[in-house]
Amino acid sequence: MTTPTVDVHAHLLVPEVEEAVADHPDLAAARALDARRNGPAALAVSGPMVRERIPRLTDVAVRLAAMDAQGVDVQLVSPSPSHYHYWADEATAEKVYRLAHEATAAHCAQAPDRLHGLGLVPLQHPEQTVLALEHALDQGLSGVEISSHTPGRELSDPAYEPLWKRAEETGAILFLHPFGCTLDERLDRWYLSNTVGQPTENAVALSHLIFSGVLDRHPDLKLIAAHGGGYLPTHIGRSDHAWSARSDAGADCAHLPSSYLKRLYFDSLVHDPHILRELIRVVGADRVLLGSDFPFDMGTEDPVGALRAARLSDPDFHAVRGGNAAALLRKD
C-alpha cells in the first residue's frame with residue numbers, strides 16, 4: 001500500500017471564536033498591537049488575501065478539492081494562529097479553546113480519513129493548559145498548536161512543566177507556530193513581520209526549550225516546529241559553540257544543542273530546496289514532515305513539487321512526503 005501524502009501545516013478559520021471575543025474590551029488593544037507590528041501596507045494586503053481564501057479555510061468540500069489538486073491525501077489541520085488571543089482573561093480563554101476544539105473536530109469529522117485536527121491552549125494562563133490539552137484530546141484531536149511565547153512568559157517558563165509532562169504522557173502532538181514577533185516596529189514594513197519575524201520566533205522558542213532543559217526532562221515530546229524551525233537548524237553550530245565555550249550557555253541542558261534537533265520534528269516549508277536539504281542533513285530525514293501553510297500566501301501551492309525540487313533520495317523523499325507524518329499520527 002502506498003504511503004499517503006500528509007501535510008502537517010494546514011489551517012482552519014473558526015468564526016465562532018471571533019464572534020466570542022468581538023465585544024471584549026481588550027480586543028481593540030490587541031488589534032492595535034497587531035497593526036503596529038505589521039504596519040499598514042501589510043494589513044492592506046493581508047485582509048483581501050484572507051477573505052479570498054475563506055472557502056478553503058472553512059468549507060470541507062473546498063478543502064478536499066484543493067488537497068486533491070495538490071496531491072495531498074491527509075492534512076493535519078490547526079486553527080489559524082490569529083485565534084490564539086493570548087490577551088484574553090481566564091473565562092474568555094476557556095471559551096476560545098472550547099469553541100476552537102469543537103469546531104475543528106466537527107470540520108475534521110466530515111472527512112475523518114483525510115483530516116486530523118489540532119486544538120489550542122491558552123499559554124497566558126499556564127494553569128489552564130493541561131485542561132485545554134485534555135479537552136482537545138477528548139474531542140478526538142491529535143494535540144494542540146502553540147505560539148513561540150506569550151506576553152511575559154517564554155516556553156522555558158517552569159509554569160509550563162505540567163503541559164509538557166501531560167503532552168509527553170498522552171503522546172499528543174505539539175505544533176509550534178509563532179504568531180507575532182516582539183521586534184515590533186523594526187519589522188513593520190515589507191512584511192518583515194512575517195518573513196523575518198516567523199523564523200526568528202521559531203529559533204528563539206526552540207532555543208528556550210533546548211537550553212532550559214525542557215527536552216532533557218521530556219525527551220519523548222512530539223513537537224513539530226513550523227517553517228522548518230526557522231533560523232535555528234541552519235545556524236545551530238553557533239549554539240553548539242556557545243554551549244561548549246561558555247559556562248552560562250551550557251548550564252541547564254545536558255548535551256550539545258544540535259543533538260536535541262534530532263528529537264524534534266520540522267515541517268518542510270522553507271521555500272528553498274537547498275535549505276530543505278540542509279535541514280534534512282542536520283536533523284535527519286526521519287524528522288522532517290511535509291508542510292504547506294495551506295491556504296495562506298506565505299505557504300506553497302505545490303508542497304510535493306517543492307519537496308521534489310530538493311532532489312532527495314527516494315527513501316528520504318517518501319519519508320518526508322508522508323511516511324514520517326503517518327507514523328506520528330498513528331494511534332497505537
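First, a word on the model. The model is predicted, so local features need pLDDT of at least 70 and side-chain atom pairs count only at pLDDT 80 or more, while totals for chains, interfaces and linings use all residues. Residues are numbered from 1 along each chain as its sequence is written, and side-chain values use heavy atoms, with hydrogens and water left out.

**Overall build**

The protein holds 16 helices and 11 strands; these are DSSP runs numbered from the N terminus, helices being H or I of at least four residues and strands E of at least two. Its radius of gyration is 19 Å, close to the 20 Å that the globule rule gives for 332 residues, so the protein is as compact as a globular protein of that length. That radius is taken over C-alpha atoms, and the rule is 2.2 Å times the number of residues to the power 0.38. Along the principal axes, the C-alpha atoms fill a box of roughly 50 × 45 × 45 Å.

Of the 332 residues, 54% are buried, meaning under 20% relative accessible area with a 1.4 Å probe, protein chains only. Taking contacts (heavy atoms within 4.5 Å) with a separation of 6 or more, 77% join residues 24 or more positions apart.

**The sheet around β8**

Six strands form an open sheet with parallel pairing, in the order β4-β5-β8-β9-β10-β11. Its edge strands, β4 (119-120) and β11 (288-289), each pair on one side only. Pairing here requires at least two DSSP bridges between two strands.

Strand β8 (residues 173-176) has Ile173 and Phe175 pointing one way and Leu174 and Leu176 the other, and all are buried.

| Partner of β8 | Residues | Sense | Bridges |
|---|---|---|---|
| β5 | residues 143-146 | parallel | four bridges |
| β9 | residues 222-225 | parallel | four bridges |

Conventions. Buried < 20%, exposed > 50% of the residue type's maximum accessible area, 1.4 Å probe, protein only.
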